[in-house]
Amino acid sequence: GKDYPHALELYRKAASGGNLRAMANVGSMYVMGLGVEKDAEEAVRWVRRAAEGGDWAGQWLLADWYLAGTGVPQDYGLAASWERKAAEQGYPPAQKMLGTMYYNGTGVPQNKTLADQWIQKAIDQDSASAMREKARDYVYAGDYAQGDQWFQKAEIETAFNNDHRWCGTTQEKVEEYVPLTRELLQWKSNP
């Protein structure tokens, strides 16, 4: 089993020494109740310290919590502000979420151009969820062929994110494994 109380003790020790990521981890453990009683207020205190110190993980967590109203009042404007800070540091989930926020006008003025730019930054880092977002855009616009291609890329990326032995670009993965996937699909439909 996992020794969450011991992990929490180690993270607290590192956090008290000024380690920002450890602060974010302590906050995560408090919000989930791992090794400690759930305490959203304490979680926010730790994560806010990490976020204000410039840690992208703390910024991303705080953004997510403002979006959902976890331990803080729901505030889309603050969510977008913290999401931007994490996105600007190159964190793909934050880039994708900020793009989605621009697309929907959540906490920021609706802006399709900025939405596309942020989602593309996440795609450039092989973010499967950003690829799915792009696929949905194509489907909503009626371009089902492009949408299908992006959904396939996203699924291949997801499969290889789960297989840590693979090193390579998404394009290499697509070129190598889409034919195999098609063969498997043919086999499944013609047993």
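Which side chain meets R132 in a salt bridge, and what is the N to O distance?

Reply: This is a predicted model. The partner of R132 is E155, and the N to O distance is 3.3 Å.

Start with where the two residues sit. R132 lies in helix α8, and E155 lies in helix α9, residues 144–161. They are 23 residues apart in sequence, so the pair ties together separate parts of the chain. R132 has a relative accessibility of 24%. For E155, the relative accessible area is 44%. Why can such a pair form? Side chains of opposite charge can pair when their charged atoms come close.

Now look at helix α8 itself. Helix α8 covers residues 128–140, which makes 13 residues. From first C-alpha to last, the helix reaches 18 Å. That is close to the 18 Å expected at 1.5 Å a residue. Just after α8 comes G142, with a positive phi of about 90 degrees.

Which residues of α8 are buried? They are A128, A130, M131, E133, A135 and D137.

Take D137 first. D137 counts as buried because its relative accessibility is 15%, and the cut-off is under 20%. The side chain of D137 meets that of K112 in a salt bridge, at 3.7 Å from N to O. K112 lies in helix α7 and D137 in helix α8, so this pair ties together parts 25 residues apart in sequence. K112 is partly exposed, at 43% relative accessibility.

K112 has another partner. K112 also forms a salt bridge with D116, with the closest N and O atoms 3.0 Å apart. Here the two residues share helix α7. They are 4 residues apart, so about one helical turn separates them. D116 is partly exposed, at 34% relative accessibility.

Then take E133. Salt bridges with shared partners join E133, K96 and R136 into one network.

Finally, step back to the whole protein. The structure holds 7 salt bridges. The protein has 10 helices and 0 strands. Of its 191 residues, 36% count as buried.

Key:
Residues are numbered from 1 along each chain as its sequence is written. This is a predicted model: local features need pLDDT of at least 70, side-chain atom pairs count only at pLDDT 80 or more; totals for chains, interfaces and linings use all residues. Side-chain values use heavy atoms; hydrogens and water are left out. Buried means under 20% relative accessible area, exposed over 50%, partly exposed in between (1.4 Å probe, protein chains only). The expected span of a helix is 1.5 Å times one less than its number of residues. A salt bridge is a side-chain nitrogen of Lys or Arg within 4 Å of a carboxyl oxygen of Asp or Glu.
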